[in-house]
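Open the structure in your viewer and keep the selection tool at hand. This tour goes one stop at a time.

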Amino acid sequence: MKPSVRYTVTLLAGFVLALVLVVASIKMGAVSIPWENFSHLEPAQAMIIWDLRLPRAAMAFLVGGILALTGVCLQGLLRNPLASPSLLGMTSGAALFAAIIIIAQHSFLSFLHPAWAESMIAAGAFVGCLLTSLWLYGLARQSGQTNTALLLLAGVAITSLAGAGTGFITFIADDAQLRSITFWNMGSVGTATWSQVLCIAVFSLPAILILPWMGRSLNAMLLGEQEAQFLGFPVEKQKRLILVCVSLAVGASVAFTGVIGFVGLVVPHLLRLWLGADHQRLLPTSLIFGGCLLLASDIIARTVAAPLELPLGVVTASIGAPYFLYLLQRSARRMNP
Amino acid sequence: MIRWNNVSYVKNSRFLLQDISVEMPAGQLTVVLGPNGAGKSTFLRLCSKEMLPTSGMIELHGKDLQNWSTQDMALFRGVLSQSHPVAFPMDVAELVLMGRYPHKKRAALDHHDQHIVQEALAECSVKHLNDRSTQFLSGGELQRVQTARILAQIWEDHPQHPRILLLDEPTASLDPGYQHLCLLKAKKLAEQGVCVIAILHDLNLAARYADHIVFLKEGRLAGAGPMRDMMRESILRDVFSVEIHTVHDPRLEHPLIFTLGPQHQQLANEPKLRSL
């Protein structure tokens, strides 16, 4: 199959899969809604669909797409297949700041309207995310070059530092605060509301509108930043743009769903094996398939032990990690026969 | 054309290049020679605007290099760096196609670009690697593929400016046959009016293909001029601090250069070679 044909087919398949998954996520769950009821829903069923399942599906799809998209961008930018928002400590940084904001809100900002409170958490998470990425970037930059090994090491260190911060906040939190804080570290889209979805959508709008068009410059950066510059790309400017877009989107996502690992690592890697390293193809497909993966994981999370719900992070890791390891083993075998 | 006016480059309060004024004309192959640590790579990096001079000015086509935008320069200037591996494996044709990116801002790359890519691959004799993934290439093959990418980038004449080609040790990982092929190609480009600047270590390759030589030593200009005037025993001995012997071969227009190591006393007793 020609690569361009393969790409088109994959993209279409992604759209179809997304549609199927959205329908499935509306229908399945603790209360199953039979097909014949869809034409005239009972009020309770309508409420379940409109206020619970649909925002939840939208959030899962959006966040999954964001995580995979930003994963591709960071991997291309850092020329390292291991880079992802969670491994670089960006999600932990965001979680720490979101936790701080939550504590502040419960303690002395309680007069705020709930909608404001939500966007403040998102803004806090964004600031956390941006600060972490800037700090990381500053650490790993030596005489105009970004040292990727150092970057990943610093990411690990920052993750544990932010973990300690979050741990301390957990320690001083009261019961209500504790419940909200523990939420992220599990990762869940269970509390999704339309206002949260809207908030994430607004914050990730730059990422969704800009990043899919960065394919060529990310391709060029695979050759090295200097080479990209020689091909006429304003590398520094674009790097900053990508980092800001990624921080905005990841920050907002993390604020409401918590730390969901592996999507940003597995989806780009799978697509790279399937479509090749061309970012012009990787970026749009990873947005869609990342969404599909998280949506599917959420369906599994809430049906497998219904009416109980598994934490989403547990599901993505337990599906993603073994399959990922299998693929690594296979490609390693193919490289040294 | 690239002209240096009293250029110095300082790093960590040490002169890497000091007070250099030199001119690299279009339509000539200029080879930069010098011992290790002479500042050759720094020289090329300043030419490519990768770094800016601490003092002095570099002119590109009569305009201060600082005032050129990366986008504009990408249209007529190719830079072959010492190759580092490609981060993710990709097809060779895809990699070479990147050379056409600067010429199509938003528009899709078309058949014309594909055609140029194929021509460039053929030019570097790597056409058979077309669908191969970069992860399975040898060092020399990758070097040739990267060269093809640079050629694809400056394949066509720019309407206003002569093209520029900067090569940092283009022959480093090539076998002798391809070393000649590579420099022959560079020479042919120079004859078409391209300003080619290359760093080389092989004195004989330099003597054979260069039109113009720039010698650097300890960050200073140790001489610059036409190849015939520069490739002389006395100058080479001064620059490289090693005993040099040149020989004339009737089949070649240029001298053959031998470097005699520490034991050159014994070698000097060899049968007489006619020196130039």
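Predicted model: local features only at pLDDT ≥ 70, side-chain atom pairs only at ≥ 80, totals over all residues.

Residues are numbered from 1 along each chain as its sequence is written, while chains are lettered from A and ligands numbered from 1 in the order in which they are written.

**Chain B**

Select chain B. Its secondary structure comes to 10 helices and 12 strands (DSSP runs numbered from the N terminus: helices are H or I, at least four residues; strands are E, at least two). The C-alpha trace of chain B spans about 65 × 45 × 35 Å along its principal axes. Buried residues make up 43% of the 276 residues in chain B (buried: 20 or more other C-beta atoms, placed from the backbone, within 10 Å of its own).

**Two domains**

Now colour domain 1 (1-76 + 162-241) and domain 2 (88-157) of chain B; such bounds come from an automatic or database domain assignment. Their C-alpha centres lie 25 Å apart. The contact takes 13 residues from domain 1 of chain B and 11 residues from domain 2 of chain B (contact: C-beta atoms, placed from the backbone, within 7 Å). On the domain 1 side, helix α6 (residues 176-191) of chain B gives the most, with 4 residues.

How values were computed
Contact = placed C-beta atoms within 7 Å. Buried ≥ 20, exposed ≤ 12 C-beta atoms within 10 Å, placed from the backbone.
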